[in-house]
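Visitor: Please walk me through how to read a structure like this one. I would like the general idea each time, and then the case in hand.

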Amino acid sequence: MAREGTKKQAQAGQGDALQPTPGGPSKPPKVGTGPASERCRAGSGGEGGVKGQGLLIKGKEEVEEALNLRPRRLAEYIGQGQVVESLGIAIEAAKKRGDAVDHVLLYGPPGLGKTTLAHIIAKEMDVGIVTTSGPALEKGGDLIGILTHLKKGDVFFIDEIHRLPRTVEEYLYSAVEDFAISIVFDKGSHARSYRSRLEKFTLVGATTRAGLISSPLRERFGIQRALDFYTMEELCRVVRRSAALLQVPVDEEGVVEIARRSRGTPRIANRILRRVRDYAQVRHAGVITRPVTQEALELEGIDGEGLTTLDKKFLETVIIHYKGGPVGLEAIAAVLQEETDTLVDMVEPFLLKAGFILRTPKGRKATDKAHGYLGLPKTSAEERQLSFLPGQR
Ligand SMILES: Nc1ncnc2c1ncn2[C@@H]1O[C@H](COP(=O)(O)OP(=O)(O)O)[C@@H](O)[C@H]1O
Ligand SMILES: [Mg+2]
């Protein structure tokens, strides 16, 4: 069961050392894996930035440090117990058989560790990883170029797989099922088809919108797992681990305060930790404590529950503008002048999870908790009937 250990290890280990840039590969870049993909570069997720959401924008600094903070091994990965356990079994079994891991679909809100898991699978399997994202694969040719260069057992990671164009998705079906693709040349009576065999690989797809993936594609994933928000205890572990890696002194109360404001999301915990570190270094003696965290985050517009300005504007829109709801997401997006996608991906999941809003068939409703939290009284049934002018209370 000899695997191409050493050679592949060198590839998979690219982002491995705790160094700022994962670049400088010992091998020249692979032909055909052109700009639509990156080979062996940890952390090259395609989630992009989101405007208008201070906390969620991914800057260069964040991308580089994320590479350092990203767990490399399953044993280092905090939380998501069941997902980690079942992936661990799949990996061990595949290794024993000398086979590739079954295709894996990971879904859940941004920043919970999907990209990290894709890299971990490659690392644990001791294989290479090629990463790309749904929107980067514009044509069938982009996909074929990547597929035909995959090596035995490689992980092929497609981020935002729900944004894969339909035509490209169709090529993927036979590739993941039969490890072969049919390429058609010419049209009409000249048409010739050429079937190319592929090495057996593992497709790892990540998405924030499982609902937008077509069922033929979804059914082809043998392993489908949802990632959930992290508990306070898990977030505290994330903060302690990252603080140790960044060599930032933080006391236990500081750890808890950062975790509490991280909206259940490791990426946000890391981001807050960096902001508070900067603040502690400039304004204080460098040690992160509870008061330092509170001061720093007030400056960042992040409140005690981790709600950002946008979160609060979202809730205020539902409560003040739409009398507590129910109201459609498009209407909220129009008032806030934000993309609906931003609200669906970045704002809503946590507000739902934290019990600030409810999703009903008629739209979003603010809960009692939201009214209480913002100190805004509920609109009575009579008031609703009497109010003809939108936007007035
Ligand atoms: N289980 C975890 N343990 C520790 N840190 C984590 C974990 N999951 C994610 N992170 C941190 O959060 C960041 C974001 O994770 P990422 O995998 O990019 O999220 P996603 O792909 O789901 O948006 C990573 O850079 C990593 O530092
Ligand atoms: Mg990602």
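Guide: Gladly! Let's start with a term: a helix here is a DSSP run of H or I of at least four residues, a strand is a run of E of at least two, and both are numbered from the N terminus. Keep in mind that this is a predicted model. The protein has 16 helices and 10 strands.

Visitor: How many of the residues of H4 are buried?

Guide: The idea is to count neighbours: a residue is buried if 20 or more other C-beta atoms lie within 10 Å of its own. In H4, 12 of 12 residues are buried, including Lys-114, His-119, Lys-123 and Glu-124. For the protein, 40% of the 393 residues count as buried.

Visitor: Which residues of helix H11 are buried?

Guide: First, the general idea. An α-helix has 3.6 residues a turn, so residues three or four places apart point the same way. In H11, residues 290–300, the buried ones are Val-292, Thr-293, Ala-296 and Leu-297. These four cover an arc of only 120 degrees around the axis, which puts them on the same side of H11.

Visitor: What do the buried residues of H11 pack against, and which exposed residues does the face turned away carry?

Guide: The buried residues pack against helix H9 (252–260) and H10. The face turned away carries Pro-291, Glu-298 and Leu-299, which are exposed.

Visitor: Which residues are the closest to ligand 1?

Guide: They are Gly-113, Lys-114, Thr-115, Thr-116 and Pro-266, out of 21 residues that surround the ligand. Helix H2 (60–69), H4 and helix H10 (266–283) each give two or more residues to this shell. By residue type, the shell divides into 10 nonpolar, 7 polar and 4 charged.

Visitor: Which domains does the shell draw on?

Guide: Domain 1 (5–20 + 33–226) and domain 2 (232–300) each supply at least three residues to the shell around ligand 1.

Methods: Residues are numbered from 1 along each chain as its sequence is written. Chains are lettered from A and ligands numbered from 1 in the order in which they are written. This is a predicted model: local features need pLDDT of at least 70, side-chain atom pairs count only at pLDDT 80 or more; totals for chains, interfaces and linings use all residues. A residue is near a molecule or strand if its C-beta atom, placed from the backbone, lies within 6 Å of it. Ala, Val, Leu, Ile, Met, Phe, Trp, Tyr, Cys and Pro count as nonpolar, Asp, Glu, Lys and Arg as charged, and the others, Gly among them, as polar. Domain bounds come from an automatic or database domain assignment. The arc is that of the directions from the helix axis to the C-beta atoms. Two residues are in contact if their C-beta atoms, placed from the backbone, lie within 7 Å.
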